[in-house]
Amino acid sequence: MSSFRPPTTPRSPLKKENFDEASKRRRVGLTKTTGPANPRARSVLSTINAGAGVNAGAQSDNMSDAASTNGSLIEFTCKEDVERLLAEKLRTKKNDIKGKCEQQSEYIKKLRLCITWTMEQVDSYLAEQESLKTNLEGEQKRHSELESALSDKISQLTATLEELMREMNSIQEALKKEEARKIAAIEAYENEKSLKQVADSSLANLREELEKVREEAKWVRDQLKMVQDNSKRLQEYNTSLQQYNSNLQEDKAKHEETIEKLSREKNAMSEYNCNLKDQVGSLRLQLAASQSSQQEALSQRDNLRDQLQTVTAACNTACAKVESLEAQLESVKETLTKQLELVTFEASELEVCFVCMYITAVIICVPILCQLADSSGVQAITRFENADRTIRDLREQLARAEARISEGEALRKRLHNTILELKGNIRVFCRVRPFITDGNVYDGSAISFPTSTDLVGRGIDLANQTQKYSFAFDRVFGPDSSQQDVFVEISQLVQSALDGYKVCIFAYGQTGSGKTYTMMGRQSSEGEKGMIPRSLHQIFKTTRALTSEGWEYCIQASMLEIYNETIRDLLLPGRPGVGPEASNGKQYNIKHDANGNTIVSDLTIEDVHSQEDVDRILRQAEQSRSVGRTQMNEQSSRSHCVFTLRISGVNKKTEQQVQGVLNLIDLAGSERLAKSGATGDRLKETQAINKSLSALSDVIFSLAKKEDHVPFRNSKLTYLLQPCLGGDSKTLMFVNVSPEVPSAGETLCSLRFAARVNSCEIGVPRRQTQQMKLLDSRP
Ligand SMILES: Nc1ncnc2c1ncn2[C@@H]1O[C@H](COP(=O)(O)OP(=O)(O)OP(=O)(O)O)[C@@H](O)[C@H]1O
């Protein structure tokens with residue numbers, strides 16, 4: 001608590017300056033008549049002055065004269081001096097008036113000095129009093145302020161005190177409650193203590209019981225184990241029973257089949273019987289018919305006999321007919337009777353036979369069926385064994401085939417790689433885009449293609465002013481070449497990436513020469529899709545096809561831009577464009593791990609599973625790029641755009657693994673510094689582009705020349721791609737060329753750059769790359 005201390009009052013208001021002030025005023029008071037500050041003091045002074053005032057002017061001169069003549073200048077320092085002066089007695093001879101006068105005038109002088117000193121004292125006291133008064137007023141004012149501050153403070157403190165009192169009361173109440181609670185808790189504790197004792201004793205009992213229960217549990221566990229063993233055995237038995245049951249089911253099915261067959265035979269036989277019965281019926285009907293016809297014949301005979309009797313001449317023939325008919329009838333009758341007897345006998349016999357057969361079949365079938373079941377079981381077992389043997393054989397054959405396939409695959413990879421190495425690990429293709437009739441007239445004089453056998457499809461001639469320049473590359477694609485024609489060459493490198501190699505494909509060339517067209521193409525038209533979508537299509541197609549051989553692939557994509565040596569993430573969700581806010585404050589640091597992989601910290605990496613995923617991320621990247629360009633007021637691309645696919649494959653069967661990388665890069669449009677006329681930021685941009693492009697060409701050039709020390713220099717692009725350049729990595733560069741005449745100077749520049757990259761200008765021998773020692777050159 002802070003203690004209140006009143007401000008210290010100045011103890012000596014009449015210090016030197018105050019005193020000087022007072023004496024000054026005294027002097028003024030002597031010359032000027034001032035109002036009486038202190039009436040009493042003033043009256044004393046007036047009396048003295050009045051007494052002395054008679055000869056004031058002359059006396060003062062005399063006084064000083066006297067003082068100086070006597071040589072005794074009296075000084076008053078204190079009251080005692082005055083009293084001493086007043087007590088002084090004049091010692092003169094009685095009649096010595098002159099001496100007396102002199103002494104008195106001397107005395108008067110002293111008295112005057114004394115009065116002067118006293119007045120000065122009085123004045124100083126008055127001044128002191130005044131200053132004390134003002135000090136007092138000031139002090140009083142301060143005091144009243146302090147008083148009011150104190151009263152405020154006191155009221156505050158009173159309020160605080162009241163609050164504290166309230167708090168104290170509430171605390172006291174709480175304390176009381178706490179105490180009551182404490183007492184209750186103590187009681188509860190006591191109860192709990194007694195309960196604990198009871199619980200301890202019961203715990204001891206429970207422990208004993210627990211021991212017993214544990215023993216019982218052990219016994220139960222043993223029992224359970226036994227039961228589990230039994231259950232296992234029963235399960236096995238059950239399985240064998242199920243097996244047996246399934247065998248029996250199979251047998252039952254077979255028996256049912258046999259029974260069905262037999263019942264089908266029985267049906268056939270009963271049908272046959274029915275047919276026979278029908279035959280008998282029809283024969284009976286025939287018999288009845290013949291009997292009726294016999295009756296008719298007899299009636300006819302009677303009629304004929306009647307007619308015979310009447311017609312005698314025709315009687316012989318009729319009689320013969322009748323006789324023959326009778327004979328026939330007799331024979332038919334006989335035959336029919338015999339047949340009827342036979343059929344009846346056969347029917348009865350068949351009936352008997354059928355019943356016997358059925359009974360016999362039933363009697364015979366059971367053991368036969370049992371035998372059949374046995375034999376079918378044996379057959380099934382043999383069949384099973386045969387099938388097992390066949391399966392084993394097939395498996396061995398399959399394993400041999402798979403081994404042959406993987407050997408073949410390895411051989412294919414080796415051959416593919418050898419072919420690409422023979423073609424060159426670093427290759428340069430030239431692509432001339434068609435002339436764009438944008439109000440321009442094409443005279444076709446700038447670019448031509450040599451027709452000599454050794455340069456056909458490989459050479460390009462450029463006419464610039466009066467000079468002609470010839471270049472040869474690994475392939476030259478003319479203006480008529482389609483995206484598919486170009487992709488045929490690229491697809492081999494895509495296969496290399498799937499085989500686990502690192503591949504970099506660059507598109508280089510002046511602004512508007514067709515780099516983006518080559519890499520991305522036109523998404524809207526299937527035939528005009530560029531290398532990136534086509535490569536991805538091939539990758540998905542191949543990985544799908546390889547699934548049957550046990551391969552499982554994981555494909556991850558990332559896309560970044562390097563603008564003015566600054567990395568921009570093109571797949572950053574919600575990326576607005578450029579500037580620090582575009583990266584959401586992320587730092588993109590490039591690092592290389594021990595396995596030769598490039599890691600860009602904070603970069604968005606997307607898993608891609610289908611062409612749709614790829615289309616989506618390409619759209620997003622294109623949008624991010626165009627927003628960036630608009631914000632930078634770019635007319636065309638001024639940044640390097642790097643699309644990276646990381647392909648990781650594992651073969652479940654052979655446990656082989658591959659880790660390939662495919663980088664597809666749309667480089668910034670090249671521009672000659674001298675020609676660009678750029679200034680300010682534009683100049684800086686152009687310088688940055690040229691610097692990184694020349695660093696890239698230096699790297700590839702020294703890799704092609706098999707140099708030990710590769711100059712990765714201070715360029716983000718080359719540092720980023722470091723693990724993918726050199727060694728057994730594959731590098732392919734497109735030099736894109738515009739056919740327009742005004743750009744011939746630029747075209748010459750691009751072609752020279754490309755020629756330097758692969759040292760393939762005519763007359764310079766081609767070189768193969770070899771395993772290089774890559775230098776770490778972190779920018
Ligand atoms: N082979 C081609 N067939 C048809 N059109 C093409 C071809 N190559 C380029 N083009 C067209 O030429 C124009 C410029 O091409 P593109 O934008 O690809 O050039 P670029 O080199 O990427 O330019 P920049 O450096 O400015 O980005 C585009 O309209 C493109 O469609």
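This is a predicted model: local features need pLDDT of at least 70, side-chain atom pairs count only at pLDDT 80 or more; totals for chains, interfaces and linings use all residues.
The protein chain contains 14 helices and 14 strands. Of its 779 residues, 21% are classed as buried. Among contacts in the protein chain with a separation of 6 or more, 73% are between residues 24 or more positions apart.

Two packed helices are described by the angle between their axes and the distance between the axes. For helix H7 (residues 483-498) and helix H9 (residues 531-546), the angle is about 50 degrees and the axes are 10 Å apart. The crossing of H7 past H9 is right-handed. On the H7 side, the contact is formed by Phe487, Ile490, Ser491, Val494 and Leu498; these residues meet Met531, Arg534, Ser535, Gln538, Ile539 and Thr542 of H9. By residue class, the contact of H7 with H9 comprises 6 nonpolar, 4 polar and 1 charged.

Helix H12 (residues 680-704) has 25 residues, which at 1.5 Å a residue should span 36 Å. The C-alpha atoms at its ends are 36 Å apart, in agreement with that expectation. The buried residues of H12 are Glu685, Thr686, Ala688, Ile689, Ser692, Leu693, Ala695, Leu696, Val699, Ile700, Leu703 and Ala704. An α-helix has 3.6 residues a turn, so residues three or four places apart point the same way. Just after H12, Lys706 adopts a positive phi of about 60 degrees.

Definitions and conventions: Residues are numbered from 1 along each chain as its sequence is written. Axes are lines fitted to C-alpha atoms, for helices over the stretch in contact, and angles run from 0 to 180 degrees between N-to-C directions. Helices (H or I, at least four residues) and strands (E, at least two) are DSSP runs, numbered from the N terminus. A crossing is left-handed if the near helix is turned anticlockwise from the far one by less than a right angle, and right-handed if clockwise. Two residues are in contact if their C-beta atoms, placed from the backbone, lie within 7 Å. Ala, Val, Leu, Ile, Met, Phe, Trp, Tyr, Cys and Pro count as nonpolar, Asp, Glu, Lys and Arg as charged, and the others, Gly among them, as polar. The expected span of a helix is 1.5 Å times one less than its number of residues. A residue is buried if 20 or more other C-beta atoms lie within 10 Å of its own, exposed if 12 or fewer, and partly exposed in between; C-beta atoms are placed from the backbone.
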